[in-house]
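Subject: Structure for you to look at

Hi,

Here is the structure I promised. Please open it alongside this note, and my findings follow below.

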Amino acid sequence: MHSMATLLRKDFQLIQRYLWLILIYAVVFSSLFHKDSQMLFGLLPGMIFILLNSLDMRISNQQFLVSLPVNRRFLVISKYTNSLIFIVLGFVLCMFINGMSDLYNNGQIGWNLQFVTGMLFSMILVVLIYLPLYYWLAHRGAQILNVAMMAVVMGGSTAIAGIINDSDSVELMNWMVSHQAAVWWFGLCSVLLCLFISYRISLQIFMKRDL
Amino acid sequence: MSNAIEVTGVSKTYKNYKLSDVTFGVPKGYITGLIGPNGAGKSTIIKMIMGMVQPDKGSISVLGNVLSPHSGDYKEEIGYVSDENIFYDCITMGRMKQIIAPFYSRWDEDAYTKYMTLFELPERKKIKDCSKGMKMKFSIAMALSYHPSLLIMDEPTAGLDPVFRRELLDLLSEYIMDEEKSILFSTHLTTDLDRVADYITFLNKGNLVLSDTKDDVLERYLLVKGASSLLDADVRKELVGVRETAVGFEGLARERKKAMELFGDRVLYQQPTLEEIMYFTSKGGNQHA
């Protein structure tokens with residue numbers, strides 16, 4: 001547990017230098033300047049996630065991690081845990097900034113919880129696909145993977161916003177609202193299953209990797 | 001005498017390179033020099049000990065722990081100095097220390113400050129702005145700041161100026177005063193080992209050539225210099241490597257006694273240095289100058 005906390009601390013220390021970039025992006029793409037918050041919720045958590053993982057992508061930095069008194073399994077677990085923590089923090093930041101700008105513009109906070117939850121779940125799924133690829137391609141495919149990730153995040157956020165706002169989806173949305181518990185359980189179980197599969201694949205790859 | 005590291009029958013095959021059935025030990029309480037030309041397998045062995053590379057065959061035990069892909073805790077007792085910078089170079093040395101220190105329960109802030117001052121390293125300088133020597137010094141300072149039982153250093157003196165190289169060797173001699181501590185030190189600058197090493201392990205092209213005390217190694221080999229006319233097939237067979245010049249030859253004999261019986265007083269004998277042993281062994285056969 002101590003190792004996990006120390007690895008999380010390490011990520012916080014490393015990402016500190018990007019804090020201004022993240023905050024500027026968050027403010028510029030908040031509802032203070034944009035009508036919809038798609039660019040904010042769609043891209044900011046993804047950007048934080050990519051920044052976080054880019055820091056450890058170089059083979060020399062992976063050698064550093066493996067030279068620490070932490071076994072490889074913990075390194076993979078911490079990569080997943082920290083990624084999810086940072087994604088959630090990214091969403092919290094988005095909600096906070098958007099809430100504040102809504103309050104400034106309209107005098108009240110108008111969060112679209114369906115949109116935020118949909119984005120969060122899809123972002124988590126993207127992360128669960130990204131991480132095994134990250135371990136598989138390692139430093140060789142780092143840049144390509146990050147560009148592809150941003151494209152998926154951008155395309156994904158537009159697609160989700162489209163689905164939610166589409167008139168054809170109204171029926172589906174209404175059904176989901178009336179069966180919230182079932183939808184939550186289904187979503188949660190799907191994410192957990194994907195998390196397990198994704199983690200096992202990443203672990204399998206990283207345990208055998210020569211650095 | 002127990003070993004801090006035991007490497008047993010380790011093999012690893014890459015596309016263009018093979019490490020074959022390497023077995024040696026690093027005795028506790030001593031400095032062991034791992035020597036060999038570039039591509040001999042020194043870094044691969046060190047990376048295996050650090051769990052960065054998995055052997056195809058064989059086993060490695062470090063401070064009593066048999067390594068597996070699940071091992072990790074044993075590194076709390078190891079100070080590792082890589083031949084390249086493995087730290088995050090976009091941050092300062094001070095920030096890097098803040099990242100590393102919490103991983104080690106025996107981290108000693110006073111020792112860290114002492115080494116940073118001794119090595120004249122500014123904490124606020126970004127690692128990417130440091131020279132190769134500074135990066136190496138920082139890596140050494142980090143490795144020594146938690147008092148590890150075992151220091152593993154991959155080419156630590158490469159890129160260092162002669163003054164600091166000598167200071168580092170003094171530092172290592174001081175560190176090894178505690179008989180529970182051990183050092184594995186890979187280098188191709190054998191003069192460093194002439195000064196401080198107790199044991200020598202020599203790798204060449206992925207094979208173990210020898211692993212013994214430095215004194216035994218130096219006593220066993222003999223450098224022979226004589227006229228080319230003495231070189232016939234039988235003589236060549238007795239020599240590990242031969243270098244022929246316009247005026248004669250010099251060769252390295254594997255067994256001192258046998259060489260003296262063979263050549264008698266027809267040649268000049270000389271005590272070879274580690275560098276000469278490495279040179280003749282890695283070049284082998286006939287070399288013309």
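UniProt positions are given in the numbering used here, and such annotations may be inferred rather than shown by experiment. With that in mind, the UniProt record, an unreviewed entry, lists "transmembrane region" for chain A at residues 12–33, 39–59, 80–101, 113–137, 144–164 and 184–203. Please note that this is a predicted model. It scores ipTM 0.88 and pTM 0.86. For chain B, the mean pLDDT is 89, and 98% of the residues reach 70 or more.

Chain A

Chain A has nine helices and zero strands. Read from the N terminus, its elements run α-α-α-α-α-α-α-α-α. Of its 211 residues, 48% count as buried. Take the contacts in chain A with a separation of 6 or more: residues 24 or more positions apart account for 82% of them.

I checked two of the listed stretches. Residues 80–101 of chain A are 100% helix, with the end C-alpha atoms 32 Å apart. Residues 113–137 of chain A are also 100% helix, and there the end C-alpha atoms are 35 Å apart.

Helix α6 of chain A holds A:W136. What does A:W136 touch, beyond residues up to four places away in sequence? The partners are A:I205 and A:R209. A:Q204 is 68 residues from A:W136 in sequence, yet the two are 9.8 Å apart in space, C-alpha to C-alpha.

Chain B

Chain B is divided into domain 1 (3–216) and domain 2 (221–284). Their C-alpha centres lie 34 Å apart. The contact between them takes 14 residues from domain 1 of chain B and seven residues from domain 2 of chain B.

UniProt, again in an unreviewed entry, places "domain: ABC transporter" at residues 2–230 of chain B. Over those residues the chain is 29% helix and 29% strand. The end C-alpha atoms of that stretch are 45 Å apart.

One residue to look at is B:S11, in strand β1 (residues 3–13) of chain B. Is B:S11 buried or exposed? B:S11 counts as buried, because its relative accessibility is 11% and the cut-off for buried is under 20%. Its side chain reaches the backbone nitrogen of B:D21 at 3.0 Å. Leaving out residues up to four places away in sequence, B:S11 touches B:L19, B:S20, B:D21, B:M48, B:P55, B:D56 and B:K57.

The cores

The largest nonpolar core has 144 residues. Which residues have the most contacts inside it? They are A:F64, B:M96 and B:I152. Helix α6 (residues 113–137) of chain A gives the largest share of this core, twelve residues. The core also draws at least three residues from each of domain 1 (3–216) and domain 2 (221–284) of chain B.

B:M96 is worth a click. Setting aside neighbours within four places in sequence, B:M96 is in contact with A:F64, B:F87, B:Y88, B:I91, B:I127 and B:F138.

Then move to B:S11 and its side-chain contact with the backbone nitrogen of B:D21.

Best wishes

Methods:
Residues are numbered from 1 along each chain as its sequence is written. Chains are lettered from A and ligands numbered from 1 in the order in which they are written. This is a predicted model: local features need pLDDT of at least 70, side-chain atom pairs count only at pLDDT 80 or more; totals for chains, interfaces and linings use all residues. Side-chain values use heavy atoms; hydrogens and water are left out. A nonpolar core is a set of buried Ala, Val, Leu, Ile, Met, Phe, Trp, Tyr and Cys residues joined through side-chain atoms within 4.5 Å. Buried means under 20% relative accessible area, exposed over 50%, partly exposed in between (1.4 Å probe, protein chains only). Helices (H or I, at least four residues) and strands (E, at least two) are DSSP runs, numbered from the N terminus. Domain bounds come from an automatic or database domain assignment. Contact means heavy atoms within 4.5 Å. A polar contact is a pair of N or O atoms within 3.5 Å; within protein, one must be able to donate a hydrogen and the other to accept it, and residues adjacent in sequence count only if both atoms are side-chain atoms. pLDDT is the predictor's confidence in each residue, from 0 to 100.
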